[in-house]
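Please find below a short note on the structure shown here. Its points are numbered and may be read in order.

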Amino acid sequence: MEDQYPPPSSQFIPQQGQGTPNIPPQPPMGTPPMYHPPPFIDQYKVPLTIGGIILIISLMTIVVAGMTKPKAPLARPIAATTPTPTPTPVREFSAVASQSAFLDFTQEVASLSSSIQNLNVYDSALAPPVLNLELGFR
Amino acid sequence: MKRWLLVLFTFPLFAQCVAGSVLATSQQAYQDYLYQFGVYRQRYTDFKVAKNEYEKFHSLASQTTALEKTKILLAQRDQLLRSYLLVLNEKLNEDRGLSPTEKQLYQTLIRNEITFLEKHAALIPSIGSIEDAQEVSDELTSHSKVLQTSIRQILVGVSLGQLATLHQQYDVVLGHAQTLVATYGTVFPNQKQADLNRWLLYITNKRQLYQQKIDAISQASSQLSPNDANDLDRRFTEFIQGAAEARQYLAEGASYMNELVTALKYRQ
């Protein structure tokens, strides 16, 4: 055990009458030196390295995925299309349509419809006068 | 030649003047009625003022004034009702839908009421006191129920007459429709002919519904005997609503006629 700790050098032993050099306190002879834990980085060097690698790989994966993500197609303006009207079926006139009797009948129906619509069954102007028949002398 | 030309050009003008005077008779009667109504309102106001003064002072002068204003009011009241009945009479004269019997029935009612009013007006000059005026007024009041019932029956008659004119026109057009289908129906396919006959059936059914409604109104109106004024107004309202329903039947029949026109116009 004594071989582990070499004896202190004489240059470090203060001589009588000389200035005391600024030397760190030496552990007493025979005691093991104090344990100074290594820095944080040295202590967790391996896990930090692994974590950093994983983080870098994740970031690269995210970037690559974002670059390769299919972009949503741009909304293109839809051109307003006019609805195509359904073609009206062409109706063939009958032999009656050109007859004068039919034409007169058409006008009669129109006249009758108009007369019915315009009829007022009760003319309010003909309402009887409302009179107060009581003289009130009694 | 010149004489014939003169007659040829002046006759239409003369005929138009005559026709215009006939059609304007009801308008003239109505204007006279409105004038009489305005006079009545003024004389009723004068009567109220004189009556209030008499009831306040009971002086001989106020009594004389009140009696004078009362007599004027009673006379104007009879004149107003008479002018109103003349308006109804002219409306019946202008009507072309009612049968002569129906028109005579309504004009008899008018004549009876005018006769009563003329007899009632003849009593007014003999009124010598407030009590006499009250008795004469009470005679009209007691006759009011009969008078108002007759007026409502005449008004229903006027409405039925207008509907009857349309009904006559409806029958003429229906006859032409039946002739057209009978004459030209064979040019159409069988299915189309069935459609045409169906439209004719619908048009005829509406006419029957109209006639049933008119017959019901006419019978109920002739038997009108209300309990009071409210009952009279309620029954009269029912008659007018029935007339409106009858008109609706004609309107629906006319719409079916339009469908028939369309069906006849095209081959398919």
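What area is buried between chain B and chain A?

1. The area buried between chain B and chain A is about 4600 Å², and carbon and sulfur atoms give 69% of it. Buried area is the accessible area (1.4 Å probe) that two parts lose on being put together, summed over both. B:Gln134, B:Arg247 and B:Arg267 supply 12% of the area that chain B buries against chain A, more than any other three residues.

2. This is a predicted model, in which local features need pLDDT of at least 70 and side-chain atom pairs count only at pLDDT 80 or more, while totals for chains, interfaces and linings use all residues. Residues are numbered from 1 along each chain as its sequence is written, chains are lettered from A in the order in which they are written, and side-chain values use heavy atoms, with hydrogens and water left out.

3. In contact (heavy atoms within 4.5 Å) are 63 residues of chain B and 36 residues of chain A.

4. One salt bridge is counted between the two chains; the term denotes a side-chain nitrogen of Lys or Arg within 4 Å of a carboxyl oxygen of Asp or Glu. A:Glu92 and B:Arg267 form a salt bridge through their side chains (3.2 Å, N to O).

5. Helices are DSSP runs (H or I, at least four residues), numbered from the N terminus. On the side of chain B that touches chain A, α2 (25-57), α3 (60-94), α5 (130-184) and α7 (229-265) of chain B each give two or more residues. The most come from α5(B), with 25 residues.
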